[in-house]
Amino acid sequence: MAPNARPEHPPPAVVLRGLAKRFPGVAAVSDVDLEIQPGAVHVFAGENGAGKSTLMKLIAQIEPPSAGRIEVDGAAVHYQGPGQARRLGIAMVHQEFALAPDLSVAENLSIGQEPGRFGWISRGAERRAADALLRTVGLDVHPGQRVGRLSTAEQQRVELAKALAVDAGVLILDEPTASLTEQQARELFAIIRTLTARGIAVLYISHRLDEIFEIGDTVTVMRDGSVVATKPVADLDENRLVGLMVGRDVANLYPRTFREPGAVRLSVRGLSRGTAVRDASFDVRAGEVVGLAGLVGAGRTELARAVFGAEPPHAGTVTLDGTELRIRGPADAIAAGIGYLTESRKTDGLALQLGLDKNVTLARLPMRAGLIDLGAERRTAERERDRLRIRVPRVGRPVQLLSGGNQQKVVLARWLETGADVLFFDEPGRGMDVGAKSEMFQQVDALAADGRAIVLISSYLPELLNMCDRILVMRAGRIVGEVARADFSEERIVALATGAKDGHE
Ligand SMILES: Nc1ncnc2c1ncn2[C@@H]1O[C@H](COP(=O)(O)OP(=O)(O)OP(=O)(O)O)[C@@H](O)[C@H]1O
Ligand SMILES: [Mg+2]
């Protein structure tokens, strides 16, 4: 599309006029007018449920609009279904990945590539094309690998490669860095910059202020389905952006109150599972928030899963309040008082057909004998809805109809309601808007103040640095260092995580 000599003011890649999308009972997108420039990154920000993903699905021809029009490269688009996006040169990487877990990486990349047109797709050619795409996104896996066996970060790159397989003029990324480390995010930004240099328009949904300022050229803030403002990123600072996004003051993003920790509650000794977790030993005291830092693949999630019994350890002990536990599976861990908010929310046992009310009390039911009190269930759900600001018109609405961030809040609400003594939070802020994150961390602080023991896994260092009493750093399955709050520094943790300083291993 982009001519060699670009005119001073190139025509917009996408124009939206009066665009609207209504779902039963919800105006997800209302009356949006926008122009998207080629060769630039246009960020979309705003609270969970503001309508960002829905707007992108309209542009990507995944949903038909209820009203208004979309022009791509100057021509009005008439909705004909998702297949049309490819013809228009629009590709989208979704918030919830749409990969087929049982197919290989190469097969996933070729889905939607006009199958049958040449009778069959040559496996060799498919592999070679896949190789080239994977190199572009910096993914070092065998194209024959099953996608279901890849980490979330790797799956995200497969999604990106899949989008790039379309010769797109418009690339939509819905929270692409949610599962990436800082380093991986920087690599993604490098890829994005090469794409915009080629004239591609990148539409980028993000909740992360730091990356909005790093990669964004223009930012559109949405609230309640409408555009609140569209501004050059250079004209904004963090405070103004947060104000636009949340529409109220967020006094403190990390509301942690530190106090002297109590007795040891969780004690882990010599925990091992294959090469994923090797001889891990650590304690967490009452009232403590202990961070787990490390690169993706360092073993943080695997360590949490081993303690929780999701992947039972091959060796080692887990002791809670002085009693050694016998954990053969998650049910044992939950019964003993250990909770685990996983990083992959979709598989975290949300009953998608049921509402917030049922989901919030599900995890608790096995622990309570007797009748289910429906009134209490509704009151519990309403309390969680209010304290976490879950955007839902009524607590019985099926959670699959909620926005991605609001689904995550439902999972969080459920764990908050279990009353667990030890809680592992795995990337809990992922996908939450800044206001919601602040509220979530306030709950984490309240749990600690209540004498619980908290383990916080995050790839976003500012979260760990602001919220934790201590940070354990993992590399290659081992805990390679511990940093006390007084010694916190980003450099120190990165050095430990990458092995830059203490060169052994
Ligand atoms: N298929 C659907 N059916 C009914 N309602 C829907 C559907 N998809 C989205 N909604 C509703 O539309 C509104 C906007 O949702 P959307 O997913 O666009 O929000 P978002 O800005 O992407 O939020 P998040 O930051 O949490 O991802 C929400 O109230 C959501 O519940
Ligand atoms: Mg969304």
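**A tour of the ligand 1 site**

Start by selecting ligand 1 and the 21 residues around it; Gly49, Thr54, Leu401, Ser403 and Gly405 come nearest. Keep in mind that this is a predicted model.

Colour that shell by residue class. It holds 11 polar, 6 nonpolar and 4 charged residues.

Next, select the secondary structure elements. Strand β2 (26-36), helix α1 (52-59) and helix α13 (404-418) each contribute at least two residues to the shell around ligand 1.

Now colour by domain, taking 14-246 as domain 1 and 350-419 as domain 3. Ligand 1 lies between these two domains, because both give residues to its shell.

Then show the polar contacts, one residue at a time:

- Select Leu401: one of its polar backbone atoms is 2.6 Å from an oxygen atom of ligand 1.
- Select Lys52: an N or O atom of its side chain is 2.8 Å from an oxygen atom of ligand 1.
- Select Arg397: here the distance from a side-chain N or O atom to an oxygen atom of ligand 1 is 3.3 Å.

On its own, ligand 1 has 640 Å² of accessible area, and the protein covers 89% of it.

Finally, hide ligand 1 and look at the space it takes.

Key: Residues numbered from 1 in each chain as written. Chains lettered and ligands numbered in written order. Predicted model: local features only at pLDDT ≥ 70, side-chain atom pairs only at ≥ 80, totals over all residues. Heavy atoms only, no water. Near = heavy atom within 4 Å. Polar contact = N/O pair within 3.5 Å; in protein donor to acceptor, adjacent residues only side chain to side chain. Areas by Shrake-Rupley, 256 points an atom, 1.4 Å probe, with all protein chains shown as cover. Helix = DSSP H or I, 4+ residues; strand = E, 2+ residues; numbered from the N terminus. Nonpolar A, V, L, I, M, F, W, Y, C, P; charged D, E, K, R; others polar. Domains from an automatic or database assignment.
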